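Please open the structure in your viewer and keep the selection tool at hand.

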Amino acid sequence: MRSYRIVALQSTAIIAIIYLLASLVLNAQVRTRSQNSNKLELSETLARLIGASQSVGTGPSVRTGPTVGTGPTVGTGPTVGTGPTGVGTFGGLSTVDPDEDLERFPVAYWWVSQNKALPNDRSIPKLPRRYFDTTQAIQARLGGSDFTIAGATVKAGRWIVAISDAETIHDTRVLEAGELILLPVVLGVFFIFSYLVGRRAVAPIDESRKRLLTFTADASHELRTPISVIEAEVGSALMRERDAKTYREVLTSVSQETRRLSTIVEELLWLARFDSSPRRPSFDLVDLSAMASSCARRFSSIAQGKGITIQVVEPPEGDAIINAPPEWLDRLITTLVDNACKYGPENSTVKIEVGGKQDYGPYVAVHDQGPGISETERERIFERFHRANEYYSGTGLGLAIADAVVKATGGRWEVGSSPLGGAKMKVSW
């Protein structure tokens, strides 16, 4: 659980850095585009003002300065309130309310002549002298507000034009505020998403690790038991001289434990090969009826030793065909019949039932008259090394192998009670 959070936090931190860098790039692009738009408007405004000045011929000249109340006369310079001759009403491009917020002015401009700057409106802030000679667009702060200003020279003086950067600043701040509000949402959603994805991706690996640890612990326990018995029997026999009968009993016990050890090792190797599955066997068409009959013949001698009768119920010929590896299915049916004979009492019946297409799909079911499987044990019988009944010997790997085969071939289990009185183990495809 802790590793999931660490991975999710690391991923979220990376996303946060990417998000911030992308925001900086986006903000810079928005700011640059807005500034370029302002510069274009400045150029157009300057061009109109220069054109209006040149239409007079020689342009306005400011020799004596403005005369308040009389207006300009060509050759005498502009009068405050009317502007240079030929431009019309001074400025002629916008009307500004003196009570309006300065930051909302679209464009402000000044006529500069004789070291004086006349604004196009009385509410326009005073232009500092350091900007009188401005030519290319630059950033300036006028009257407590940010502007982009540019200027151009005509015969009688200079035009200085300024456009407010308030809209650019406002758009940038709105964008930054939106990004800051969105940032925790994005990071929170990504953290949850990466946590869930990481947990889901790592879950199979974690589950495999747990299963491997459990499997290793169980395997070591199961292998240790027969080895301990063998060591104890041999050690006891070697402690002193014994008669032939005692040695025979010791060797018989050692032989039994050796077979048990061999069975465990064989089944462990089969599961290991199956789990690693570097090379799957070929799938062929298999007749379940023929395989069930073959299995019944192999177990006939074992069944006779306990007086068990094995019955095979088959569908019409060729009706129970599935596509699967033959050796896998043989292992599956062998395991089911072996368990039925092992848990069935003496002089009982084991029935192998095979169904075909008319039975809603091929299936094989094995019935016995043993103690059955309780409902609480039915979910655990396929666990490796788990034995539902401790009174019967076994490795606890048989049904685990059978379950692996069923899952690999697309089958499904049905574990229940048999009409014979014992357990019913059914596999359908």
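Is E414 buried, partly exposed or exposed? Its relative accessible area is 37%, so E414 is partly exposed. Here buried means under 20% relative accessible area, exposed means over 50%, and partly exposed lies in between, with a 1.4 Å probe and protein chains only.

**Before continuing**

This is a predicted model, in which local features need pLDDT of at least 70, side-chain atom pairs count only at pLDDT 80 or more, and totals for chains, interfaces and linings use all residues. Residues are numbered from 1 along each chain as its sequence is written, and side-chain values use heavy atoms, with hydrogens and water left out.

**Stop 1: the whole chain**

Display the whole chain as a cartoon. It has seven helices and 12 strands; these are DSSP runs, helices being H or I of at least four residues and strands E of at least two, numbered from the N terminus. Of the 429 residues, 40% count as buried. The accessible surface of the chain comes to about 24,500 Å², and 56% of this belongs to carbon and sulfur atoms. The areas come from the Shrake-Rupley method with a 1.4 Å probe; for residues, only the protein chains shown count as cover. Among contacts (heavy atoms within 4.5 Å) between residues at least 6 apart in sequence, 64% join residues at least 24 apart.

**Stop 2: the nonpolar cores**

Select L329, L332, V337, M425 and W429. These residues have the most contacts inside the largest nonpolar core, which has 46 residues. A nonpolar core is a set of buried Ala, Val, Leu, Ile, Met, Phe, Trp, Tyr and Cys residues joined through side-chain atoms within 4.5 Å. Elements that give two or more residues to this core include α3 (244-276), α6 (326-343), β9 (349-355) and β12 (423-428). Which element gives the most to this core? The answer is α6, with eight residues.

Next, centre the view on W429. Beyond residues up to four places away in sequence, W429 touches, among others, L288, I322, L329, L332 and Y363. Then select L42, V107, W111 and W159, which are included in a second, separate core of 14 residues.

**Stop 3: helix α4**

Select residues 288-298, which form helix α4. Its buried residues are L288, S289, M291, A292, S293, C295 and A296. At the start of α4, a side-chain oxygen of D287 reaches to within 3.0 Å of the backbone nitrogen of S289.

S289 counts as buried because its relative accessibility is 7%. Leaving aside neighbours within four places in sequence, S289 is in contact with E314, P315, A320 and V354. Use the distance tool on the C-alpha atoms of S289 and Y363: the two residues are 74 residues apart along the chain, and these atoms are separated by 9.8 Å. Continue to S293, which counts as buried because its relative accessibility is 17%. Again not counting residues up to four places away in sequence, S293 touches V312 and E314.

**Stop 4: salt bridges**

Side chains of opposite charge can pair when their charged atoms come close. A salt bridge is a side-chain nitrogen of Lys or Arg within 4 Å of a carboxyl oxygen of Asp or Glu, and by this rule the count comes to seven.

Select D403 and K407, whose side chains meet in a salt bridge at 3.3 Å, N to O. Both lie in helix α7, four residues apart, about one turn of the helix. D403 counts as buried because its relative accessibility is 10%, whereas K407 counts as exposed because its value is 63%.

K426 counts as buried because its relative accessibility is 18%.

**Stop 5: a loop with positive phi**

Finally, select Q114, found in the loop between β1 (107-113) and β2 (116-119). Most residues other than glycine have a negative phi. What is the phi of Q114? It is near 50 degrees, a positive value in a residue other than glycine. N115, in the loop between β1 and β2, has a positive phi of about 60 degrees although it is not a glycine.

Note on methods:
A polar contact is a pair of N or O atoms within 3.5 Å; within protein, one must be able to donate a hydrogen and the other to accept it, and residues adjacent in sequence count only if both atoms are side-chain atoms.
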